[in-house]
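I open this notebook page to record what I looked up, entry by entry, with the model displayed alongside.

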Protein chains: 2
Amino acid sequence: MKKLINDPARVTDESVEGFGLVHADLVTVHTDPIFVVRVGAPVAGKVGLVSGGGSGHEPLHAGFVGVGMLDAAVPGAMFTSPTPDAIAPATVAANGGRGVLHIVKNYTGDVLNFETAAELAEADGIEVRTVVVNDDVAVQDSLYTAGRRGVAGTVPVEKIAGAAAERGDDLASVAAIAERVIANVRTMGVALEACTVPHAGVPSFDLTDEEIEIGIGIHGEPGRHRIPMAPADEITEMLTTPVLDDLGISGGEQVLLLVNGMGGTPLSELYVVYRAARKLVEARGATVARSLVGNYVTSLEMQGCSVTVLRLDDELTALWDAPVHTAALRW
Amino acid sequence: MKKLINDPARVTDESVEGFGLVHADLVTVHTDPIFVVRVGAPVAGKVGLVSGGGSGHEPLHAGFVGVGMLDAAVPGAMFTSPTPDAIAPATVAANGGRGVLHIVKNYTGDVLNFETAAELAEADGIEVRTVVVNDDVAVQDSLYTAGRRGVAGTVPVEKIAGAAAERGDDLASVAAIAERVIANVRTMGVALEACTVPHAGVPSFDLTDEEIEIGIGIHGEPGRHRIPMAPADEITEMLTTPVLDDLGISGGEQVLLLVNGMGGTPLSELYVVYRAARKLVEARGATVARSLVGNYVTSLEMQGCSVTVLRLDDELTALWDAPVHTAALRW
């Protein structure tokens with residue numbers, strides 16, 4: 001294992017410390033327990049947004065803390081859920097008096113720990129609502145999940161719910177907007193090469209030099225099937241068609257198309273995939289009205305990508321377009 | 001070789017086409033020959049900025065086309081200089097009547113091809129000045145270079161010269177600002193794993209499971225020495241100290257610190273390196289006044305990073321802070 005780390009047990013601490021130094025204008029980093037809070041939080045009169053999950057998926061979630069998106073993020077250890085004793089104070093730090101929305105990716109550990117933290121925060125008099133992101137169409141249940149996994153669709157959920165909170169929506173409304181995004185977003189991914197979790201020291205799975213895995217999870221969990229390496233256009237079709245079918249995208253609709261890198265794939269290749277995915281959307285008579293291409297929900301240095309489609313309506317589009325100022329998204 | 005591509009000979013075309021579709025609000029993509037032009041260019045009365053080089057280093061250079069940075073970028077084939085017949089029309093497209101600055105990374109092919117293109121443009125009555133970026137302190141001459149190589153220091157050169165052009169400086173002044181950045185910026189990189197150029201099909205060099213290469217170039221050209229894998233803090237010291245020494249950074253100075261990923265290294269690790277590099281700057285009594293961490297000048301999926309330091313003064317800081325709206329840098 002060759003990684004730019006010191007002690008494997010300290011990777012998250014040191015990385016989040018570095019992140020906090022670079023982005024001191026946007027975030028404050030709390031240690032012991034670790035969580036990241038937007039500068040100026042809690043914002044009085046605004047619904048607070050908190051998300052979190054295992055580290056190793058950067059820039060998710062800390063990279064999305066800032067104006068127009070999250071108020072706090074709670075990074076766990078690598079590929080490990082954050083604990084309630086970190087989520088609870090992050091929830092307090094995000095609470096501006098109108099309650100807090102927890103945005104949770106659907107993994108059993110995350111769901112349980114956010115639930116316990118919500119109970120702790122509610123005991124302190126903070127109203128908490130929770131939404132669970134489950135956009136991955138590849139598998140129905142997985143190693144770590146009852147129901148579909150939450151993957152790159154988390155980005156539009158956090159962006160759009162964040163914009164709704166920023167414009168002054170109440171907790172029920174922000175939660176309803178988040179649920180609307182969740183109901184209309186689907187993702188599927190592919191891995192070309194595995195990643196290595198530092199404390200494990202060996203790749204999380206093995207692929208031969210000729211194999212790729214369609215439907216991979218963001219922790220390297222098994223997907224639908226392994227196939228021989230294929231041209232990008234064919235791989236993109238295997239990811240995009242199930243996503244469009246599951247959503248039932250048809251002519252005249254407008255979508256957001258997100259091609260997300262898993263961390264170790266060159267940006268140039270993500271644009272090749274985007275080009276192919278966009279043609280598939282357009283072949284259905286739908287329009288790609290908004291796009292995002294880059295590394296947003298990664299799996300350390302895994303090579304591969306995912307394709308996410310969100311069905312847009314006028315309100316979701318306006319909330320997507322609303323100003324955002326975070327480390328990883330800014331406009 | 002497993003890559004998200006179709007025909008290796010068409011990677012750059014398809015990737016740039018995808019890039020143009022995503023960023024149609026910022027750029028127009030010309031084909032045959034390929035170059036990328038800022039929407040609205042040429043900007044009347046503004047000095048035009050053109051850069052380019054082999055593909056495989058994305059987001060460099062096309063990702064830096066837009067308001068406050070480049071007017072045009074010319075991507076060559078993978079790791080191959082663009083040809084004069086592409087650079088010349090890009091120069092014409094960037095010319096708003098006050099001349100064009102060519103920003104060239106110091107590789108023999110790039111220098112020659114931009115020189116020929118400048119002659120072609122001048123024959124058309126366009127005044128062209130050229131600056132050559134040579135920030136890599138690792139080696140004096142290299143496989144492809146007489147003198148130091150141009151690497152991640154290209155980002156602040158393009159950003160700061162772009163801001164000078166945007167505020168209305170004339171060609172000589174924009175060139176002088178670019179030269180001031182070049183005189184005050186240095187970089188050194190490390191590779192943990194090689195990358196594979198699509199048309200070659202095999203890794204550009206071999207490292208054992210225990211080896212890393214200090215001072216690597218962005219095409220995998222040899223650096224200073226190979227050493228056994230070491231903790232991130234030690235590797236960072238091997239990169240940062242030569243950079244600070246070469247610049248002669250001392251107490252009381254202000255610097256920009258850029259930790260650049262080579263493409264295949266997780267963002268979390270770049271923050272670990274940043275944390276260590278910042279301590280080394282501060283140990284000299286200098287201040288990290290501005291920071292940038294991410295994948296900006298990559299080598300396909302190479303694993304590794306580089307550390308860049310730019311000595312700041314008030315004017316360079318103000319130009320760095322000036323608004324920029326490109327695919328890869330925006331504030």
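**Entry 1: a helix in chain B**

I listed the buried residues of α2(B) and found P84(B), A86(B), I87(B), A88(B), A90(B), T91(B), A93(B) and A94(B). I keep in mind throughout that this is a predicted model. Eight of the eleven residues of this helix, which spans residues 84-94 of chain B, are buried, so the rest of the structure largely encloses it. When I looked for what covers these buried residues, I found, among other elements of chain B, the strands β2 (35-38), β3 (48-55), β4 (72-78), β5 (100-105) and β6 (128-133), together with the helix α3 (108-123).

**Entry 2: how the copies are related**

I superposed the chains and noted that chain A can be laid on chain B with an RMSD of 0.0 Å by a turn of 180 degrees and a shift of 0.0 Å along the axis. The two copies are thus related as by a two-fold rotation axis. In chain A, the C-alpha nearest this axis belongs to G264(A), at 2.0 Å from it. Both copies use the same surface, since 100% of the contact residues of chain A recur in chain B.

**Entry 3: the interface**

I recorded that 55 residues of chain A are in contact with 55 residues of chain B, and that the two chains bury about 4,500 Å² between them, 61% of it on carbon and sulfur atoms. Between chain A and chain B I found eight salt bridges, one of which is that of K2(A) with E193(B), at 3.7 Å from N to O. I also noted 20 residue pairs in polar contact between the chains, both residues being at pLDDT 80 or more. On the side of chain A that touches chain B, the largest share, nine residues, comes from α7(A), and by class this side has 26 nonpolar, 13 polar and 16 charged residues.

**Entry 4: salt bridges within the chains**

Over all chains, my search of the whole structure gave 44 salt bridges. The one between E211(A) and R226(A), at 3.7 Å from N to O, joins strand β8 to strand β9 of chain A, so the pair ties together parts that are 15 residues apart in sequence. In chain B, R167(B) and E315(B) meet at 2.6 Å, N to O, and this pair links the loop between α4 and α5 to helix α8, 148 residues apart. R167(B) is partly exposed at 44% relative accessibility, and E315(B) is partly exposed too, at 29%.

Notes:
Residues numbered from 1 in each chain as written. Chains lettered and ligands numbered in written order. Predicted model: local features only at pLDDT ≥ 70, side-chain atom pairs only at ≥ 80, totals over all residues. Heavy atoms only, no water. Contact = heavy atoms within 4.5 Å. Buried area = accessible area lost by both parts, 1.4 Å probe. Salt bridge = Lys/Arg side-chain N within 4 Å of Asp/Glu carboxyl O. Polar contact = N/O pair within 3.5 Å; in protein donor to acceptor, adjacent residues only side chain to side chain. Helix = DSSP H or I, 4+ residues; strand = E, 2+ residues; numbered from the N terminus. Nonpolar A, V, L, I, M, F, W, Y, C, P; charged D, E, K, R; others polar. Buried < 20%, exposed > 50% of the residue type's maximum accessible area, 1.4 Å probe, protein only. Least-squares fit on C-alpha atoms with pLDDT ≥ 70 in both.
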